[in-house]
Amino acid sequence: MWNANVPDRFPERIVQANSIDDVVSAMRAAKAAGHQVAVRSGGHSWSGNHVREGGVLLDLSRLTSFTIDREAMTATAEPGLGGSDLIVALMKQDLFFPVGHCRGVGLGGYLLQGGFGFNGRALGIACSNVTAIDYVDADGELRHASETENSDMLWAARGSGPGFFGVVVRFHLRLSRKPHFIGNVATQYPRERLEDLVRWIDRVGPDVPPQVELQFVISRNPSFPPPLRKATRASPVRIELAATVMAESRSAAKAAVSFLSSRPKGARIRSPLVPTPMGAMLSAVMQHYPTAKWETDNLWTHASADELLPHLLRVADTLPPPPAHMLWLNWAPQADLADMAFTVQDRTFLSFYGGWLDDADAEATTAWSRGNVAAMQSLSTGVQFADDPGRPSRGVSESAQARLDALRAQHDPDGRFHRWIGDS
Ligand SMILES: Cc1cc2nc3c(=O)[nH]c(=O)nc-3n(C[C@H](O)[C@H](O)[C@H](O)COP(=O)(O)OP(=O)(O)OC[C@H]3O[C@@H](n4cnc5c(N)ncnc54)[C@H](O)[C@@H]3O)c2cc1C
């Protein structure tokens with residue numbers, strides 16, 4: 001798994017599929033032997049949802065084929081394919097899909113949980129661009145689900161995330177045109193500007209144009225690790241504000257980010273709008289996600305700046321060393337969701353990436369991530385399965401949960417597939 005914080009759980013056997021036929025055979029064999037099945041595509045589940053005690057771990061990481069139909073603006077993709085690989089191929093053909101922000105994240109888990117991708121506020125949560133799936137069911141039958149065939153399985157596949165009860169072997173995707181201009185505005189603040197920044201985002205966030213992803217990351221500046229802290233007057237905590245914009249022209253992009261003129265003063269670094277290749281964008285994000293051990297937790301919220309600030313000041317002042325960091329994502333949904341299992345979203349997403357390189361930091365970093373989210377529970381309206389915290393949590397609405405439970409009972413009566421790890 002990608003997270004080096006590997007859980008203390010051991011499957012009885014691991015099956016590596018080289019083809020869809022292998023998946024069919026594996027599911028039939030699991031049924032005959034009475035084994036439960038956990039599915040892995042890209043292995044990027046933070047909680048190691050695919051690593052379960054006993055049973056079969058079905059590894060789809062070799063299923064990476066894809067097709068692109070430029071005229072129809074559609075694609076098919078197998079689940080082991082990384083979104084970062086798909087986007088390279090699409091952009092060569094002037095096409096686009098809201099893939100995730102990091103290299104290597106598998107389309108399998110990414111699309112099932114929703115998928116917060118590049119230009120996702122304009123193009124919609126990635127799973128809303130999944131038009132059909134091919135899947136192997138609990139009996140080992142290869143099936144197709146679309147709006148008109150097995151439509152309840154398509155409904156479930158769009159948002160049930162690590163609780164899906166089937167093996168998706170191919171996604172059918174609706175594409176869009178590649179934006180003509182892709183760029184970024186970066187601003188870096190010291191810790192002292194956190195309050196101004198939060199009050200500003202609280203004010204402008206809901207009106208940020210959909211083609212702009214506005215977010216900030218709070219982390220400890222790697223140049224000022226704890227031993228040097230007292231020796232310098234510079235703040236050891238940095239806040240990186242990023243506005244990524246995708247538009248039809250540079251002038252349209254400029255207009256879309258014009259709200260940044262009101263951003264707080266006191267920045268240490270302030271870049272103009274610069275065209276940014278996707279590769280550079282992915283590399284910039286990946287700086288925050290080195291190979292490390294991680295404990296993540298998160299919350300959706302529409303709490304006000306006044307409600308959030310006491311917590312965020314504590315978050316900043318208790319930051320563990322890098323790579324631990326907190327992300328504030330201004331999601332501020334602008335359109336109604338399609339009818340699908342993905343049902344929980346809110347104005348702001350806060351995610352606590354408790355990562356450590358030295359095991360001596362494990363306990364404090366875990367407590368920082370878990371403890372801060374626990375302290376903010378009264379402000380939380382749910383969690384994102386994207387950063388699956390592996391604890392009991394509200395990742396879909398109550399009615400979607402009831403429908404998923406009923407569909408699971410119908411499609412997987414013997415419990416061949418695991419439930420969400422937080423439920424077990
Ligand atoms: C560094 C990093 C960056 C990330 N960035 C983003 C981001 O920008 N946006 C975003 O939305 N998310 C992001 N994520 C979260 C990521 O989308 C989820 O962790 C997702 O589940 C990973 O998919 P995977 O296939 O790689 O993971 P896996 O661990 O292989 O799968 C996760 C779970 O999904 C289910 N699953 C996977 N494939 C299948 C399948 N084919 N059929 C049935 N069930 C399946 C299984 O229950 C499995 O346990 C990121 C994660 C990491 C670690």
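Two residues are said here to be in contact when heavy atoms of theirs lie within 4.5 Å. The structure is a predicted model, in which local features need pLDDT of at least 70 and side-chain atom pairs count only at pLDDT 80 or more, while totals for chains, interfaces and linings use all residues. Residues are numbered from 1 along each chain as its sequence is written, and side-chain values use heavy atoms, with hydrogens and water left out.

Leaving aside neighbours within four places in sequence, Gly183 is in contact with Ala243, Thr244, Val245, Leu273, Val274, Pro275, Thr276 and Met281. Gly183 sits in strand S11, residues 181-190 (helices, H or I of at least four residues, and strands, E of at least two, are DSSP runs numbered from the N terminus). With a relative accessibility of 0%, Gly183 counts as buried (buried means under 20% relative accessible area, exposed over 50%, and partly exposed in between, with a 1.4 Å probe and protein chains only). Val99 is 84 residues from Gly183 in sequence, and their C-alpha atoms are 16 Å apart in space.

Attention now turns to charged side chains. A search of the whole structure finds 21 salt bridges, a salt bridge being a side-chain nitrogen of Lys or Arg within 4 Å of a carboxyl oxygen of Asp or Glu. One of them joins Asp139 and Lys31, at 3.1 Å from N to O. This pair links distant parts of the chain, 108 residues apart: Asp139 belongs to the loop between strand S7 (130-136) and strand S8 (142-145), and Lys31 to helix H1 (residues 20-33). Asp139 is partly exposed, with a relative accessible area of 38%, and for Lys31, also partly exposed, the value is 38%.

Arg170 and Asp134 form another salt bridge, at 2.7 Å from N to O. Because Arg170 lies in strand S9 (residues 167-174) and Asp134 in strand S7, the pair ties together parts that are 36 residues apart in sequence. Here Arg170 is partly exposed at 28% relative accessible area, whereas Asp134 counts as buried at 10%.

A further salt bridge, 3.1 Å from N to O, brings together Asp297 and Arg370. Asp297 is in strand S16 (residues 293-301) and Arg370 in helix H10 (residues 362-375), distant parts of the chain that lie 73 residues apart. Asp297 is buried, at 2% relative accessibility, and Arg370 is partly exposed, at 24%. Both residues belong to a network of salt bridges that also links Glu295 and Arg391.

On a 1 Å grid over the protein atoms alone, a cavity is a set of points where a 1.4 Å probe fits but cannot get out, a pocket is an open set with protein on both sides within 12 Å along at least five of seven lines, and lining residues have an atom within 4 Å of a point. Grid points are joined across faces, edges and corners, and a volume is the space filled by probe spheres set on the points.

The second largest pocket holds about 240 Å³ of space. Its lining has 17 residues, of which Gly124, Ile125, Ala335, Asp336 and Leu337 are the closest to its centre. Ten of the lining residues are nonpolar, five polar and two charged (Ala, Val, Leu, Ile, Met, Phe, Trp, Tyr, Cys and Pro count as nonpolar, Asp, Glu, Lys and Arg as charged, and the others, Gly among them, as polar). The second largest pocket lies between domain 2 (66-177) and domain 3 (181-387), because both give residues to its lining; these bounds come from an automatic or database domain assignment.
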